[in-house]
Structure formats: C-alpha cells, structure tokens
Amino acid sequence: MASPDFLQTYGNANIDAYVGFIDLAGYSSAVKGKPPQQIADYLRPFLVGTIDILYDKFALIDKMIGDEIMFVLPETEENNNPPQILFMGQIMGALHDLAYELQPKYKYRIGLSYGKVHVFHLTGKGYSEWSIVGEPVHVAKRLQSVDQLASPNPVCVSSFNPKMPAHFFIPCGPRASPAL
C-alpha cells in the first residue's frame, strides 16, 4: 500500500519511474502440496528481506501476489535530490547480497524497466486502491519471464532507461559475467 507522502507527492499524476517485478524461480514446484503455513514460512525470508531493501531505498511496493513483488521507484532529480539511478543501483546491490545470503534455497528473477507511468486512485463499492500503470509496468513484467531468466542465479534485467543500454542482462550469481 502506498504511503501518504507518496500519494501526496505523486498521486493522480504521470511520473518517470523505475518499475520492477521480483519473484522466485521454481516457486510453484517448491511449494506444491505443502500446507499454507509451510508456504508462508518458506516465503517469509525472501519477502521480508526484499521489502526491507525496497523500503530503505524509498521504493514503493505497489503489489504483492504470492512470491511476486511489484515495486516503483519514482525519479526525483529535482529539488536537489540525488538521481534515483543511484538508489536503483543500491537496490540491485542489496538484492544481490540477499541472493547470496539466501542461496541456494531461493533463486529469484528481476524484471526492471524505466519510463513514464501514471499513478491513479481506483475506487469501487467497498474498495479503494492506488495503482501504477504504463508501458514500463508491462515491459518489466515481460522481462521477468524471458528465456535468459529461466534458470536465474539470480538475474537482474533492465530496459528503456535513457541512462543505460536499451536491453541488458546482468547475471548476479557465482562465476557470473554480463551478457549483452
């Protein structure tokens, strides 16, 4: 859920932002046939570790579904704030460190995109939610499931950031080397 500060600053607006999806590779197989409490216990270290990293670097957790987290890091280069690409680098570094800490039990995939998104408030009978929509959301989600991520170690993916190459893959595991 979005924080009040986030909503006051970015609500009902188009913004430039990094959008990311993180999930566990092989999650369905790992939890198949397990009782719900055991699944929750399995997910907790990955989810709590990831949530803490994102929160510490000012990212908004937009949605969580099972083992998947969608996050948004708005661009705030105005008002003498540091460029968000620095925070994104810190997020990727911390997720890399978390992967080493949790291996081999958890191997995760990250789809990451940058561009214009819209933050809007959706309401219905008995329902209210803030949401983020735009092409970067779709691109990040699709990147998360590309063939190069089928056996992650983990792998971080980025796309459409004018400050970086268009599409690149960064294997983050042992003996990894970037592939363009």
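Visitor: How many helices and strands are in the protein chain?
Guide: The protein chain of this predicted model has five helices and seven strands, where helices (H or I, at least four residues) and strands (E, at least two) are DSSP runs, numbered from the N terminus. Starting at the N terminus, the order of the elements is α-β-α-α-β-β-α-β-β-α-β-β.

Visitor: What should I know about the numbering and the ground rules?
Guide: Residues are numbered from 1 along each chain as its sequence is written, and side-chain values use heavy atoms, with hydrogens and water left out. Since this is a predicted model, local features need pLDDT of at least 70 and side-chain atom pairs count only at pLDDT 80 or more, while totals for chains, interfaces and linings use all residues.

Visitor: And what is the mean pLDDT of the protein chain?
Guide: The mean is 79, with 73% of the residues reaching 70 or more; pLDDT is the predictor's confidence in each residue, from 0 to 100. Confidence is highest in α3, at 95, and lowest in strand β7 (residues 167-171), at a mean of 50. Over residues 173-180 the pLDDT is below 50, and beyond near neighbours in sequence this stretch has 14 contacts in the model, a contact being heavy atoms within 4.5 Å.

Visitor: Switching topic, which strands pair with β4?
Guide: Strands pair if DSSP finds at least two bridges between them. β1 and β4 run antiparallel and are joined by 12 bridges, and I22 has I110 in β4 as its bridge partner. β4 also pairs with strand β5 (residues 127-133) in the antiparallel sense, over seven bridges, with H121 opposite W130 in β5.

Visitor: What lies between β4 and β5?
Guide: The two strands form a hairpin with two residues between them, and G126 in the turn has a positive phi of about 70°.

Visitor: Which residue other than glycine has a positive phi?
Guide: F58 has a phi near 70°, and its place is in the loop between α3 and β2 (60-65). Most residues other than glycine have a negative phi.

Visitor: Is F58 buried or exposed?
Guide: F58 counts as exposed because its relative accessibility is 57%; buried means under 20% relative accessible area, exposed over 50%, and partly exposed in between (1.4 Å probe, protein chains only).

Visitor: How many residues does the largest nonpolar core have?
Guide: The largest core has 30 residues, and those with the most contacts inside it are I91 and Y108. A nonpolar core is a set of buried Ala, Val, Leu, Ile, Met, Phe, Trp, Tyr and Cys residues joined through side-chain atoms within 4.5 Å. Among the elements that each supply at least two residues of this core are β1 (13-24), β3 (68-74) and α4 (84-102), and α4 gives the most, with eight residues. A second, separate core of 13 residues includes L60, V117, V119 and I132.

Visitor: Where is L98, and what does it touch?
Guide: L98 sits in helix α4 and counts as buried because its relative accessibility is 7%. Not counting residues up to four places away in sequence, L98 touches F46, G49, T50, I53 and Y108. L98 and T50 are 48 residues apart in sequence, yet 7.9 Å apart in space, C-alpha to C-alpha.
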